[in-house]
Structures are given as structure tokens and as C-alpha cells.
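Biologist: I have a structure open and would like to go through it with you. Could we begin with the surroundings of a single residue?
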Amino acid sequence: RLYENNIRKGGIAEEIAILKQRREARKAKEEKKNTNQSSGQKQKEMKEFASKPHYGKLLELKKQDYIQEVTNAPKDVYVVLHLYQDYIMDCKILDKILDSLAHRFVLVKFMRIKADECIEGLKDQNVPGVIIYHNSKMIKQLIPATYYFGGSGKLSQDKVEWILGSLKVLKSELENDPFDDEDDGLFSKKKNKKEKEDFDSD
């Protein structure tokens with residue numbers, strides 16, 4: 001009888017081992033399937049990324065090329081156009097910021113043009129300015145840009161990136177609002193919620 005019990009125990013243990021092996025085999029199969037799907041999705045995304053136009057730097061724009069380079073930019077490409085004057089310090093700072101962002105977000109077309117070439121008679125108090133185009137349409141005017149980016153002398157890359165991210169121009173990875181402690185500009189604590197909502201809905 002003891003011998004029979006040992007046989008039964010041995011049989012049960014063997015069945016348990018077989019079931020465990022089957023579970024592990026199914027788990028391994030599922031993991032392989034998920035890995036293949038993830039790899040396939042990643043390859044698809046990489047292929048799509050490679051097929052799109054790349055820019056990677058802040059480009060100079062001449063008035064005669066405006067329609068070709070801005071209005072008729074490739075489909076789904078966002079164009080961020082900086083209206084500048086060489087003698088305005090905020091413009092120099094914004095140039096550096098936009099060039100840095102252009103290196104990171106290569107699918108966005110960052111450009112610059114002399115302010116009076118773009119808008120005749122534009123006053124220096126409204127410079128720097130930023131105009132954003134998408135699919136042949138102007139979707140946003142940030143004039144003066146300093147008002148939207150934290151105030152004159154307070155521009156930073158995080159602030160500019162945050163605003164462009166809020167407008168869906170680029171996919172920012174910033175988690176903390178760089179305007180939280182600001183006292184001026186559109187996104188400061190002094191500005192009310194409606195003004196900010198109006199900005200997002202324009």
C-alpha cells in the first residue's frame with residue numbers, strides 16, 4: 001500500500017511538473033508575441049519618422065521665399081517663424097532657444113525672418129514675434145512673443161517649449177510648468193483662467 005501511495009504521489013508530482021512546463025511555455029509564447037508586436041510597432045514608427053522631412057536647425061527666411069517655405073510647407077509640418085531684429089536682445093535670446101529646440105524636434109520647421117520684411121511697419125515693441133503655420137494655415141500669432149514666453153528679459157527654453165507643447169506643435173517631455181512662479185506674462189499667476197483658455201482655443 002505504501003508503494004502504491006508513492007506511485008500515486010509520483011504521478012501527481014509528474015502531472016504538476018507537466019502543467020507547470022505548459023504554463024511556462026504559454027507564458028514564453030505570449031512574451032515572444034508581445035515582443036514581436038512591440039518590435040514591429042517600433043520599426044513602423046521609425047520608418048514613418050524617417051519618411052518625414054527633417055530640419056534640425058533654425059533656418060533663415062527671405063521675403064520672396066515666404067509662400068514656398070512657410071505657406072506651402074510639406075503636409076502636417078508645423079512652421080515656427082521668428083520675427084526678429086538684430087539689435088533687440090530678446091530676439092538674440094529667442095534665436096538661441098529656437099535653434100536648440102530645432103536640434104531636438106527635427107520634424108518642426110523653425111525659421112527666422114526680419115520683422116519688417118514679414119510685417120511692414122511692425123513696431124519694435126512687438127518684436128520678437130512668433131507666427132505658427134500648419135497645413136498652409138496660420139494657426140497662432142504670438143506678438144509680442146515676450147508676453148507669451150514670460151516677459152522681456154525672462155525668456156527660457158523651458159518656457160518656449162512649454163508653450164509650443166501646449167499648442168501641439170511639438171511633444172514636450174516637460175512635467176513641471178515653468179511659469180508656476182512667474183509674476184508677468186500670459187501664464188503668470190496674475191492672469192486669470194479665462195485668458196489662458198482663450199489662448200489655447202484661438
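Biologist: Which residues is E161 in contact with, leaving aside its neighbours within four places in sequence?
Modeller: This is a predicted model. In it, E161 touches L101, R104 and F105, and also L170, S172, E173 and L174.

Biologist: Where does E161 lie?
Modeller: E161 belongs to helix α6, which covers residues 157–166.

Biologist: Is E161 buried or exposed?
Modeller: E161 is buried, because its relative accessible area is 2% and the cut-off for buried is under 20%.

Biologist: What share of the protein's residues count as buried?
Modeller: Of its 202 residues, 34% fall in the buried class. The protein exposes about 13,400 Å², and 49% of that comes from carbon and sulfur atoms.

Biologist: Turning to the surface, which residues gather in a patch of positive charge?
Modeller: That patch is formed by K20, R22, R23 and R26.

Biologist: Where is K20 placed, and why does K20 count as partly exposed?
Modeller: K20 sits in helix α1, residues 2–51. K20 counts as partly exposed because its relative accessibility is 47%, and that class lies between 20% and 50%.

Biologist: How many helices and strands does the protein have?
Modeller: There are seven helices and five strands. Starting at the N terminus, the order of elements is α-β-α-β-α-β-α-β-β-α-α-α.

Biologist: And what share of contacts between residues at least 6 apart in sequence join residues at least 24 apart?
Modeller: For the protein, that share is 66%.

Notes. Residues are numbered from 1 along each chain as its sequence is written. This is a predicted model: local features need pLDDT of at least 70, side-chain atom pairs count only at pLDDT 80 or more; totals for chains, interfaces and linings use all residues. Side-chain values use heavy atoms; hydrogens and water are left out. Patches are made of residues with over 30% relative accessible area and no salt bridge: like charges are joined within 9 Å, nonpolar side chains (Val, Leu, Ile, Met, Phe, Trp, Tyr) within 5 Å. Accessible areas come from the Shrake-Rupley method with a 1.4 Å probe; for residues, only the protein chains shown count as cover. A salt bridge is a side-chain nitrogen of Lys or Arg within 4 Å of a carboxyl oxygen of Asp or Glu. Lys and Arg count as positive and Asp and Glu as negative; His and the chain ends are not counted. The place of a charge is taken as NZ of Lys, CZ of Arg, CG of Asp or CD of Glu. Helices (H or I, at least four residues) and strands (E, at least two) are DSSP runs, numbered from the N terminus. Buried means under 20% relative accessible area, exposed over 50%, partly exposed in between (1.4 Å probe, protein chains only). Contact means heavy atoms within 4.5 Å.
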